[in-house]
Amino acid sequence: MKTKKAMEIIDKGWLKKPKGFRVHFQKIVDSEPVTDYVPDMEDKPLASDVVAWRLAWKLSESTQSEDPAIKDGDMVNIYVVDDDGEPVIFYGTGRAERYRPYSKVSS
Amino acid sequence: MESQLIEWQHFGNYMSQHGQYVVRAMLILVLGLIGAGLIRRFLNRMLEKPVFKHATLSTVINVFYVLLIFIVVAIALQYAGFRGLVIYRTLALITLGVVGIFVIARPYLPTLPFKVGNTVEAGGLLGKVEATTFLNTRLRTFDGKTIYVPNRRILDDIVVNYHFTPTRRVYLGVGIRYDQDLIKAKRVVETLMIGDPRVLATPRPIVYVTELAAGSVDLSGRCWVKNLEYWKTRCDLIEKIKLRFDQEGIVIAYPQLDVHHYGETCQAIQLMESYQTITTSDMEA
């Protein structure tokens, strides 16, 4: 096998190189979580996951309130996704991270 | 004295006959020049984005500005009572001369090794070039200072232009302790570089063991990025290497001096022990 061919196999099969990152979040509207992204899907994604995670953390910090109950307008399930929408591992801990986790309990 | 009085009388007579034309011509000239300046500024702003090459833009605008001034001066002179054809011929010759100098002589003029908008290191300063004139260059440093550097100083000094090449190599130096897993550390650094979207696929990122130093095994990661993304990518990768090493249990070396003490018959210890024995027996007595 030529070295070039081996390199092609490595490029395809080894590490996934994302094209960019977005912050995924859900906003509570009429008690229902509505998914959105920063930047918008039609805008250019962020080039750095470091920047994306910092943005996610800032978003979660700015929507924190002393009241633990989730109410309309709150932002929940904040995490970073890649260009395919797949959650990105937080580089700081090496684990999946999610700020303000929320799952709607069906009544 | 008398001749001066006669001159003033002539001037008074002229102004009483043609004063209104002269004033009107002056007014047209002043307003025209202000208008030309405004149009120039407006065009500069409008064409800044569509025309990427700043040199081309400034040439086009300067030529257009000269033509505008030509029109304004011609109209003003006509209002002042001069004959139209003579004015147009004279001004056309002058304008052609000026435009010719702009277009023809431009490539032969000594130029600075950068353009407006470039990030350069010149005259001992690092910053973005905001403007250049015949005398000096206006640099804006990254801490927000505006500095006027004399061109003489720039031309005599070494200039680093960070925009000349589109890509740049990032160097990541990290030292690990001798008892750490070297292969693992190399893999971590390489994986982090490959995984970053800003790191270019070719030339491929690579990690070298560059030194078996006094207190560390030095690794050097090298990868290529676009020029404008150099600084942020470098900082992000350094941050990630530190955190990932922590997660993987790889200890980064720091300057230290280990003193190892072997054997039980060290003279110093024997002396200390004998001193302690003497002191205790003295106290007991």
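Leaving aside neighbours within four places in sequence, Thr63(A) is in contact (heavy atoms within 4.5 Å) with Met75(A) and Arg100(A). The model is predicted: local features need pLDDT of at least 70, side-chain atom pairs count only at pLDDT 80 or more, and totals for chains, interfaces and linings use all residues. Residues are numbered from 1 along each chain as its sequence is written, chains are lettered from A and ligands numbered from 1 in the order written, and side-chain values use heavy atoms, without hydrogens and water.

Thr63(A) sits in the loop between helix H2 (49-62) and strand S3 (75-82) of chain A. Helices (H or I, at least four residues) and strands (E, at least two) are DSSP runs, numbered from the N terminus. Thr63(A) is buried, at 16% relative accessible area; buried means under 20% (1.4 Å probe, protein chains only), exposed over 50%, partly exposed in between.

Next, the cores. A nonpolar core is a set of buried Ala, Val, Leu, Ile, Met, Phe, Trp, Tyr and Cys residues joined through side-chain atoms within 4.5 Å.

| Core | Residues | Members include |
|---|---|---|
| Largest | 20 residues | Val189(B), Met193(B), Leu237(B), Ile241(B), Phe245(B) |
| Second, separate | 17 residues | Val50(A), Leu59(A), Val81(A), Phe90(A) |

H5(B) gives the most, with five residues. Beyond its neighbours within four places in sequence, Ile241(B) is in contact with Leu172(B), Val174(B), Val189(B) and Leu192(B).
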